[in-house]
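Please find below a note on the model under review.

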Amino acid sequence: NLTREMMDVKTIHSVAPVVLDEQLDEIIAAGFAPNLAIVFGSIRHDLSEITSAFDERGIDVFGATTSGEFLDGELNDGTIVTMLLDIEKEAYTIQFEHTGDGDTRESAQRIGRAGQERFENPGFLVHIGGNNTDGDQVVAGIHETAGENTLVFGAIAGDDWTKQGTWAFTNGKTTDRGLLGLIFDQNRVKIGGVASTGWKPAGVVRTITRSQGTKVYTIDDMPALDVLI
């Protein structure tokens, strides 16, 4: 959730980049002038086509691929969902970090440092590109440079359950092994969120007995694949 003082917002649902392009033309022609887009899109679409639609109009992009796209409580599949914001340029910044074979925590530290240096009271939204990134390391890294009480929200990108790789993307840049941070000045824009679930426990209780980062090797001292298959 974004609490705004000087910000206007519109959301759009697009079935393809060419439709997104047409919708942006219509919105801008109607007098709305967004400068920031939060984008969630299926990997079925060419990311360069998505970002070019915003590049041509001078709109900053904070994007991630998905496994289903939500808008107004409805789940879509294979589409593009965009939140367009008309917001003060001084109220946010975007930090791109392609980690590659490097250290995720160090990439997160750089995002935290960028926020701490830019704003007195930063708040962070983070997209994680890559299936094997440890989210705990992302949060820890940001807290180490921006302060342990700093607000951090985000998620790992999706790939329509294809296991082909997940991507975070911004204008002219994509990564399947890195981080993308959208950092707000919380003296201008407050960010917040809530996590809830309706799940109830079912089945046999198991214990992970050996793991490293996001990789699980044994469950109840047995090879993880033997337990799950």
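The numbered points below take these topics in turn.

1. Basis of the note. The model is predicted, so local features need pLDDT of at least 70 and side-chain atom pairs count only at pLDDT 80 or more, while totals for chains, interfaces and linings use all residues. Residues are numbered from 1 along each chain as its sequence is written, and side-chain values use heavy atoms, with hydrogens and water left out.

2. Largest core. A nonpolar core is here a set of buried Ala, Val, Leu, Ile, Met, Phe, Trp, Tyr and Cys residues joined through side-chain atoms within 4.5 Å. Buried means under 20% relative accessible area, exposed over 50%, and partly exposed in between (1.4 Å probe, protein chains only). The largest such core has 16 residues, and those with the most contacts inside it are Leu 20, Leu 24, Val 39, Ile 50, Phe 54 and Leu 84. At least two residues each come from helix 1 (17–29), strand 3 (36–41), helix 2 (47–55) and strand 7 (80–87); helix 2 gives the most, with four residues. Helices (H or I, at least four residues) and strands (E, at least two) are DSSP runs, numbered from the N terminus.

3. Leu 84 and the second core. Contact means heavy atoms within 4.5 Å. Beyond its neighbours within four places in sequence, Leu 84 is in contact with residues including Val 9, Ile 12, Leu 24, Ile 27, Phe 32 and Phe 54. A second, separate core of 15 residues includes Phe 62, Leu 85, Ala 168 and Val 189.

4. Salt bridges. With a salt bridge defined as a side-chain nitrogen of Lys or Arg within 4 Å of a carboxyl oxygen of Asp or Glu, the count comes to 12. Asp 25 and Arg 57 form one of these, at 2.7 Å from N to O. Asp 25 lies in helix 1 and Arg 57 in the loop between helix 2 and strand 4 (60–65), 32 residues apart. Asp 25 is partly exposed, at 42% relative accessible area. Both residues also belong to a network of salt bridges that links Asp 21, Asp 25, Glu 56 and Arg 57.

5. Which residue forms a salt bridge with Glu 88? The partner is Arg 188, with an N to O distance of 3.4 Å. Glu 88 is in the loop between strand 7 and strand 8 (92–98), and Arg 188 is in the loop between strand 13 (178–185) and strand 14 (190–191), so the pair ties together parts 100 residues apart in sequence. Glu 88 is partly exposed at 31% relative accessibility, and Arg 188 is partly exposed at 31%.

6. Helix 3. Residues 104–118 make up helix 3. Its buried residues are Thr 104, Ser 107, Ala 108, Ile 111, Gly 112, Ala 114 and Gly 115.

7. Helix 4. Val 138, Gly 141, Ile 142, Thr 145 and Ala 146 are buried in helix 4. Seen down the axis, these residues lie within an arc of 105 degrees and therefore line one face. Their cover includes helix 3, strand 9, strand 10 (152–156) and strand 13. Just after helix 4, Gly 147 takes a positive phi of about 115 degrees.

Conventions
The expected span of a helix is 1.5 Å times one less than its number of residues. The arc is that of the directions from the helix axis to the C-beta atoms.
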